[in-house]
Amino acid sequence: MQNARVELPTPCGHVVYFPVFLAKKATEEGVSHVFHTICTCGKAYMVSTEPEGAYIRGRGEMRAVTDAYEALPWEEYQLQDQRGSFFFKKAPSLATLRKLLGSVGS
Ligand SMILES: [Zn+2]
């Protein structure tokens, strides 16, 4: 199960993947995380996993997205599976996440 990943469609028309672990944490436990990833086309994205789903919170050059991710003042964790290492930061609360990154769908 540790190897399972969730597909997330991106605005560039592709998909990026993240561990099912993060989706489960959000939907089942209400624990939100943020990670950044790079699409096959080279576009970088910062993504939040929230109770209602995963949302793209930032996009652009890898450098800019990496900087935005690094700037989040939260503890970073690492998940290791057969696909390699996956890094993410744990938001103290959904309210804190939305305070920093804004609300979605509004
Ligand atoms: Zn793409």
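Trainee: Which strands does α1 lie across, and at about what angle does it run to β4?

Mentor: Helices (H or I, at least four residues) and strands (E, at least two) are DSSP runs numbered from the N terminus. Angles run from 0 to 180 degrees between N-to-C directions, with axes fitted to C-alpha atoms, for helices over the stretch in contact. Here α1 lies across β3, β4, β5, β6 and β7, and its angle to β4 is about 40°. The model is predicted: local features need pLDDT of at least 70 and side-chain atom pairs pLDDT 80 or more, whereas totals for chains, interfaces and linings use all residues. Numbering starts from 1 along each chain as its sequence is written.

Trainee: In what order do the strands of the open sheet stand?

Mentor: Two strands pair if DSSP finds at least two bridges between them. The open sheet has 5 strands in the order β5-β4-β3-β7-β6, with antiparallel pairing. Its edge strands, β5 and β6 (76–81), each pair on one side only. On average, neighbouring strands are turned by 30° against each other, direction ignored.

Trainee: How many bridges join β3 to β4, and how many residues lie between them in the hairpin?

Mentor: The antiparallel pair β3 and β4 is joined by 6 bridges, and Ile38 stands opposite Ala44 of β4. Their hairpin has 5 residues between the strands, and Gly42 in the turn has a positive phi of about 105°. With β5 (residues 53–60), β4 pairs in the antiparallel sense over 7 bridges; the hairpin joining β4 to β5 passes through 2 residues. Ala44 has Gly60 as its bridge partner in β5. The antiparallel pairing of β3 with β7 (residues 84–90) comprises 2 bridges, and there His33 has Lys90 as its partner.

Trainee: Are the faces of β4 covered or open?

Mentor: In a regular strand the side chains alternate between the two faces of the sheet. A residue is buried if 20 or more other C-beta atoms, placed from the backbone, lie within 10 Å of its own, exposed if 12 or fewer, and partly exposed in between. Both faces of β4 are covered: Ala44, Met46, Ser48 and Glu50 are buried on one side, and Tyr45, Val47 and Thr49 on the other. In the protein chain, 25% of the 106 residues count as buried.

Trainee: Which residues of the largest nonpolar core touch the most other members?

Mentor: A nonpolar core is a set of buried Ala, Val, Leu, Ile, Met, Phe, Trp, Tyr and Cys residues joined through C-beta atoms within 7 Å. The largest has 17 residues, of which Val34, Tyr45, Met46 and Val47 touch the most other members. The elements giving two or more residues are β2 (15–19), α1 (20–29), β3 (33–38), β4 (44–50) and α2 (62–70); β4 gives the most, with 4 residues. Contact between two residues requires C-beta atoms, placed from the backbone, within 7 Å. Leaving aside residues up to four places away in sequence, the contacts of Val34 include Met46, Val47, Tyr69, Leu72 and Phe88.

Trainee: Why is Thr66 classed as partly exposed?

Mentor: Thr66 is partly exposed because 16 other C-beta atoms lie within 10 Å. Thr66 is placed in helix α2. Its C-alpha atom is separated by 6.9 Å from that of His36, 30 residues apart along the chain.

Trainee: What pattern does the protein chain follow along the sequence?

Mentor: The protein chain has 3 helices and 7 strands, in the pattern β-β-α-β-β-β-α-β-β-α.
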